Amino acid sequence: MMLFLSELQSSFARLFFVVGCAILLAIILKPDRTAHRVLLLLIAIALALRYILWRGTETLAPFDLTADWFFSWSFFALEALSVISSFSAFTILMRTTHRSSEVEANQAWWEPGAPPKTAILIATYNEDREVLERTIVGAKAADHPNCEVLVLDDGRRDWLQSFCLSRDVRYLRRPDNKGSKAGNINHALALLAEEPDSPDFVAVLDADFVPHGNFISRSLALFHDPAVGLVQTPQHFFNPDPIQHNLGLSRSYPDEQRFFFDHLQPARDGWGIAFCCGTSSVTRFSALLAVGGLPTESVTEDFMLTLALQEKGYRTVYLNEALTEGLAPEGLKEYVTQRARWCLGLMQIARGRLGPLRRNGLRLRDRWSVIDSVLFWLTTFPFRIAAMVFPLLYWFFNVTVVDASVPEVIDYFGVYMVWVLFVLNFISGGLIIPIVNDVSQLLGAIPITRAAVSGLIRPHGHPFSVTAKGGDRTKVVIQWRLMRPFLILFALTIVGLLAGIVSDRFAYNDAGDGKVVILFWTIYNLVILFVTLVVCVEMPRVERHFADKPERTIIRADGKFRRVWMTDLTQTSARIRGITLRPGSEVRLIIRDVGDAEAFVLERTADGAVLSFELPQDQYEALLKRLYADGSVPSVGYTRLAAIVRDLFARRY
């Protein structure tokens, strides 16, 4: 008997076939094998091309001076540019490089007894003392035998000068703040160049980034190749970013930058186009002098430095090892401002002397690198805004943006999207979660789009915005200004959807399956907008450490020694369980690598107590070293889907 399937059933059959192939290939293939990555990503490119050709030939309004024609083709143009950007990204991801074995083979490549001198530059402007203390302590704990730590203070603070003097750290300040961070570092480079004992290498740290003890020695190993001008390492964070924190996903979903640092940068390194990200990098001093220091024509001087070095024949390589950790932006305003600044800086580079269309000494692949970055900023975020706005045109004005049947959408869009999600999660270990990923893009879409357009039209004359770190984060804060456009979109989407469903006045011409497509699209947008609104409610922050790895320790209370579990440890407090203590009572707590600490019981908990302590300086620095400069990075590096669902439901608003 011949089995006949309807068009819808056939579409679902093809979708399930793709899902089955994905499950099977995830078992057979290896994400680090270049041939396997190429196969999967070529299929992704083919499906993307199939999808966009279908969109351009089957779903658009015919040419006519109508709203349908204008908005249909406008949305398609944005979508097509985004697909072109994805072609570039897929191509980059076909390769990957891991340099840990190269580091092991070239440790201490220099002549015995003559370790190269390394200057560790800590650029600071307005960071709090507790932020700077841990960075300085970590820098001084470097295991490389020939290091000098310099604090470059653009805030010109006398207390910081005194602190550096007491810690045997060199302090520099300049008379003005010209050139912002790049100018601050260039001022230090000029002074170092005039000294008879100039450094061989320069490490750059943001004021909130604490290096591990082996950061310098591991990075220096890659300079065995004289063509290497800069070694970049990833940025890890000991605090959750605003999306993780406000959704309660700090322990189940990685920070938004993990895909870039753990997977995209190694892939770029495979093509020879990894780039400097500022902090957590080490640069050959002679190479810096050869390019005249850090460029100041762009607010993303780090990316531009890579291009300037490459023009002089120096390579940038990437060491994908967790060797530093710092503060992710803790507030949404800072989070969005930081990304808008990155976008603006890329547009300034594209319009500048080292732009991809200018006559300069860059390789073709370097030009591709800049174009890829510009395409990402210029297409991803405007398209995200359009995806939220265009369905409203149907509900309020009867404008059909995508004229397609449900089987066609499943067959072309569904198959493409399922395959892309599989490939990206296969490569990254599950970092791409659709709704959370969409929210992270939507949050900054408006200011980033504004920065992209203004940066291309008028690349210079924009103020430099410093990403604030630290400060009081102990209260609930609703970011009304950031929330307002999403709240308006959410309300309009609800009104339009309800009116289109229940009111005869809004019952326009029957769009057939097209109306079902718009309905699904609208509901998905409501979910995205709702989660975005939730993220705009900033929850209080409490610093925590090794919360998932409690350790056994000893406490002395009422003259007796007891073994307890310590579940949290910060610079001034600890949380223990396994003992009942009176609030206000004094105890002694033994902290590994720190020693015996006097503490008092701040509050009683259901299974123990919270202790507060104040350590003498030597113990305090030992604690800072333990918390920030030793051991593994505490940030989440992979996604746990079941835990994400649990944490979302457990979040209390």
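Begin with Trp565, which stands opposite Arg577 in strand E15. Before you click further, a word on the ground rules. This is a predicted model, where local features need pLDDT of at least 70 and side-chain atom pairs count only at pLDDT 80 or more, while totals for chains, interfaces and linings use all residues. Residues are numbered from 1 along each chain as its sequence is written, and side-chain values use heavy atoms, with hydrogens and water left out. Helices (H or I, at least four residues) and strands (E, at least two) are DSSP runs numbered from the N terminus, and two strands pair if DSSP finds at least two bridges between them.

**Stop one: the barrel**

Stay with E14 and E15: they pair in the antiparallel sense over 4 bridges, and a hairpin of 3 residues joins E14 to E15. Now select 573–577, which is E15, together with 608–613, which is E18; these two run antiparallel and are joined by 5 bridges. Two pairs to pick out here are Ile576 opposite Ala609 and Ser573 with its bridge partner Ser612.

What do 6 strands in the order E13-E14-E15-E18-E17-E16 close into? A barrel, with antiparallel pairing. Neighbouring strands of this sheet are turned by 45 degrees against each other on average, direction ignored.

**Stop two: helix H1**

Jump back to residues 7–28. Helix H1 has 22 residues and reaches 32 Å from its first C-alpha to its last, close to the 32 Å expected at 1.5 Å a residue (the expected span is 1.5 Å times one less than the number of residues).

Colour Ser10, Ser11, Leu15, Val18, Ala22 and Leu25: these are buried. Buried means under 20% relative accessible area, exposed over 50%, and partly exposed in between, with a 1.4 Å probe and protein chains only. Those residues cover an arc of only 140 degrees around the axis, which puts them on the same side of H1; the arc is that of the directions from the helix axis to the C-beta atoms. The buried residues of H1 pack against helix H2 (34–58) and helix H15 (406–428), with contact meaning heavy atoms within 4.5 Å.

**Stop three: strand E4**

Next, select 201–206. Is E4 enclosed or open to the outside? Of its 6 residues, 6 are buried, so E4 is largely enclosed by the rest of the structure. Look at both faces: Phe201, Ala203 and Leu205 lie on one side, Val202, Val204 and Asp206 on the other, and all are buried.

For the neighbours, show E1 (118–124), which runs parallel to E4 and is joined to it by 6 bridges, then E8 (281–284), which runs antiparallel to E4 with 4 bridges. Val204 is handy for seeing both pairings: Leu121 stands opposite Val204, and Val204 stands opposite Ser281 in E8.

**Stop four: the cores**

Leu121 turns up again here. The largest nonpolar core has 74 residues, and Leu121, Ile185, Leu189, Leu443 and Val535 touch the most other members. Such a core is a set of buried Ala, Val, Leu, Ile, Met, Phe, Trp, Tyr and Cys residues joined through side-chain atoms within 4.5 Å. Helix H13 (332–351) gives the largest share, 9 residues.

Centre on Leu443 and show its contacts, which include Ile243, Leu332, Phe486 and Val535. Another core, of 57 residues, lies apart from the largest one, and Ile92, Phe259, Ala404 and Val423 are among its members.

Asn214 sits in the loop between strand E5 (210–211) and helix H8 (215–220). Asn214 is partly exposed, with a relative accessible area of 29%. Beyond its neighbours within four places in sequence, Asn214 is in contact with Asp143 and Leu323. Draw a line from Asn214 to Ala404: they are 57 Å apart, C-alpha to C-alpha, and 190 residues apart in sequence.

Finish on E5 itself, part of an open sheet of 3 strands in the order E5-E10-E7, with mixed pairing. E5 and E7 (236–237) stand at the edges, each with a single partner strand, so one side of each is left without a neighbour in the sheet. E7 and E10 (324–326) run parallel over 2 bridges, and His236 has Glu325 as its bridge partner.

Technical notes
Axes fitted to C-alpha atoms, helices over the stretch in contact; angles between N-to-C directions.
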